[in-house]
Amino acid sequence: MDWEAFAERMATLARDLLAQASVEATLERISECAVDIVDGCEAAGILMLHGKRVESLAPTDSLVVRSDRLQERLGEGPCFDAARRLGGERVFRIRDFTQPEERWPAFVSQARDLGIGSMMGFLLYTEQENLGALNLYSARPAAFTKASETAGWLLASHAAVAFSSARTADQLQQAIETRHTIGEAMGILIERLKITEDDAFALMRRVSQERNVKLRDLARQICESGGIDG
């Protein structure tokens, strides 16, 4: 492993990730980079847990999705555990799927039929939050070395920061857009019903609660229809 060249690529990657225009683009770049810079990696993706439900993000190959679904169905697997951070561990590896595995026996025996030879999972985390797991796959047994694991861990560290930053920026943009839409909807009600700003907001909040519709969705409906229907 040429660590000097790797360091240069990681520096370029850090700038590249922060330059992505959306959360989706950031995640796709992370997965692409895993395949590109981690020795032995042939496919990659990010797994997020929502309770017991698994979400596959930015998979580079359908194999990633099939593996995630298998882990969800079985409730076991290295990526599943990495996302849950069981035992405080941050890196998981199955070296060879042709050999028996004590820790995840059901997953390994069935994942072998998917064409997986070896895999690793890395927790994506910051000081404030856990973001899921970055998962790396190879069709070859014993494809990942200790150097591959180190490279994957370094990539995961950069990826977690970029993912968190992208998500924060996306949430901020959504908040700004929501605020603008609500303001526009209030303006429509004020003009049509000849009421005050406080009354317009109170009306929107009441209708939102009565209809069990989020305030931003109601605001969007008002902007599209020109008023509160019904």
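The chain has 8 helices and 5 strands, where helices (H or I, at least four residues) and strands (E, at least two) are DSSP runs numbered from the N terminus. The structure is a predicted model, in which local features need pLDDT of at least 70 and side-chain atom pairs count only at pLDDT 80 or more, whereas totals for chains, interfaces and linings use all residues. Residues are numbered from 1 along each chain as its sequence is written, and side-chain values use heavy atoms, with hydrogens and water left out.

From the N terminus on, the order of elements is α-α-β-β-α-α-β-α-β-β-α-α-α. Of the 230 residues in the chain, 42% are buried; buried denotes under 20% relative accessible area, exposed over 50% and partly exposed in between, with a 1.4 Å probe and protein chains only. Among the contacts (heavy atoms within 4.5 Å) with a separation of 6 or more, 59% involve residues 24 or more positions apart.

Helices H1 (3–18) and H2 (23–37) pack at an angle of about 170°, with their axes 11 Å apart. The axes are lines fitted to C-alpha atoms, for helices over the stretch in contact, and the angles run from 0 to 180 degrees between N-to-C directions. H1 and H2 are therefore roughly antiparallel to each other, a class that covers angles over 145 degrees, as against under 35 for roughly parallel, 65 to 115 for roughly perpendicular and the rest for oblique. On the H1 side, Phe6, Arg9, Met10, Leu13, Asp16 and Leu17 meet Thr26, Arg29, Ile30, Cys33, Asp36 and Ile37 of H2.

The largest nonpolar core contains 31 residues, of which Leu27, Val38, Leu124, Leu134, Leu136 and Leu155 touch the most other members. Such a core is a set of buried Ala, Val, Leu, Ile, Met, Phe, Trp, Tyr and Cys residues joined through side-chain atoms within 4.5 Å. At least two residues of this core come from each of H1, H2, E1, strand E4 (118–125), strand E5 (130–138) and helix H6 (146–193). H6 gives the most, with 8 residues. Beyond its neighbours within four places in sequence, Val38 is in contact with Cys33, Met120, Leu136, Ser148, Ala151, Gly152 and Leu155. Apart from this core lies another, of 19 residues, among them Cys79, Ile116, Met119 and Tyr137.

Strand E1 (residues 43–50) pairs with strand E2 (residues 53–57) in the antiparallel sense over 5 bridges; pairing requires that DSSP find at least two bridges between two strands. Leu47 has Ser56 in E2 as its bridge partner. The two strands form a hairpin with 2 residues between them, and Gly51 in the turn has a positive phi of about 70°. Val54 lies in strand E2 and is buried, at 12% relative accessibility. Leaving aside neighbours within four places in sequence, the contacts of Val54 are Leu47, Met48, Leu49, Asp68, Glu72 and Phe80.

The structure holds 2 aromatic pairs. One of them, Phe97 with Phe107, is edge-to-face, at 6.0 Å centre to centre and 75° between the planes. Rings of Phe, Tyr and Trp (its six-membered ring) pair if their centres lie within 6.5 Å, and planes under 30 degrees apart count as stacked, over 60 as edge-to-face and the rest as tilted. Because Phe97 lies in the loop between strand E3 (91–94) and helix H5 (105–111) and Phe107 in helix H5, the pair ties together parts that are 10 residues apart in sequence. Phe97 is buried, with a relative accessible area of 0%, and Phe107 likewise counts as buried at 0% relative accessibility.
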